[in-house]
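User: I'd like to understand the labels used for this model. Could you take me through them?

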Amino acid sequence: MMRFFIGILVLGSMGCGGGAPPAAKTEEAPEPTRVARPQPTTGGPSVAQELGSIDERAVQQTFDRLQTKLEVCHKQGRDRVEYLSGDAKVFLRVASDGHVKYSYFEDSTVGDRDTEKCILDLFAATDWPKPQGGEAEVRNGFGWSAGSERAPATWPAEKVTNALGPDGRHAIEQCKSGTHGDFRVTAYVEPGDVEEPAPAIEKPAAKAGKPGKGGKPDKKPAAAPVVEKEHGGKFKAIGIAVPNKEAAPKADCIVEALRGVSLPSPGSYAAKVTFTL
């Protein structure tokens, strides 16, 4: 089941709008305020206020119309990761023409970058209410509960951070270059591939008419017992939340740097882990 709430930032304040469908959890919010126009000054620079007012009800209605498409993004994610669930909070900067200027996940425990990008692409392709008097900042929170599938075990962050090693840390620091703030990663870890030993090589039997050693025909050696050898764990899916818009373009680089990290095995079933970089 999808959980859903909305906030709109106008002149540095955020409110939560109501009017969501029955399945959604919403709260009432105060009416948006109009931004004061900058007053002329002399003898120094004049700074114009960026943020304007936006119709909260119209924004809520836009999100309502998008819920079916958001569910499509989630379903596509569940086709890849059957136990995909979690909460997310997205930030949208809406330009004066009603299009998204930029967006990113401020928080996400969904744990799948492809699902997150599907959602961001959906918001970017949407026509939003046009702000009056400047651009507007919108925050939207939503999430999905676990389905009927068995939930992954919860892993401590140290399971991943201790496994990064010098090479992994160096690659991540290169990705983060030029940014400030923490990246919050949520991922699913599944058992690695198992290796079966090569079958025993059978010794050729003695030719007919020639007894084997001790006067008895040679026998085929018994096959060695199959012992599975685990190769640790591996990431099944990785999601990421970024601290600000400058860090948003670095998200994919960090996710790719993490994919090659060798992890300890979660055991016989998957695990879910959240950690900070």
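Analyst: Happy to! Strands (E, at least two residues) and helices (H or I, at least four) are DSSP runs, numbered from the N terminus. S108, for instance, lies in strand β4, residues 100-108. This is a predicted model, where local features need pLDDT of at least 70, side-chain atom pairs count only at pLDDT 80 or more, and totals for chains, interfaces and linings use all residues. Residues are numbered from 1 along each chain as its sequence is written, and side-chain values use heavy atoms, leaving out hydrogens and water.

User: Why does S108 count as buried?

Analyst: Buried means under 20% relative accessible area, exposed over 50%, and partly exposed in between (1.4 Å probe, protein chains only). S108 has 0% relative accessibility, so S108 counts as buried.

User: What makes E149 and R78 a salt bridge?

Analyst: The term needs a side-chain nitrogen of Lys or Arg within 4 Å of a carboxyl oxygen of Asp or Glu. For E149 and R78 the N to O distance is 2.6 Å, and their side chains meet in a salt bridge. E149 lies in the loop between β5 and β6 and R78 in helix α1, so the pair ties together parts 71 residues apart in sequence.

User: How do you know that E149 is partly exposed?

Analyst: E149 has 30% relative accessibility, so E149 counts as partly exposed. R78 counts as partly exposed too, because its value is 21%.

User: How many salt bridges are there in the whole structure?

Analyst: A search finds 16. Another of them joins E190 and K236, with the closest N and O atoms 3.6 Å apart.
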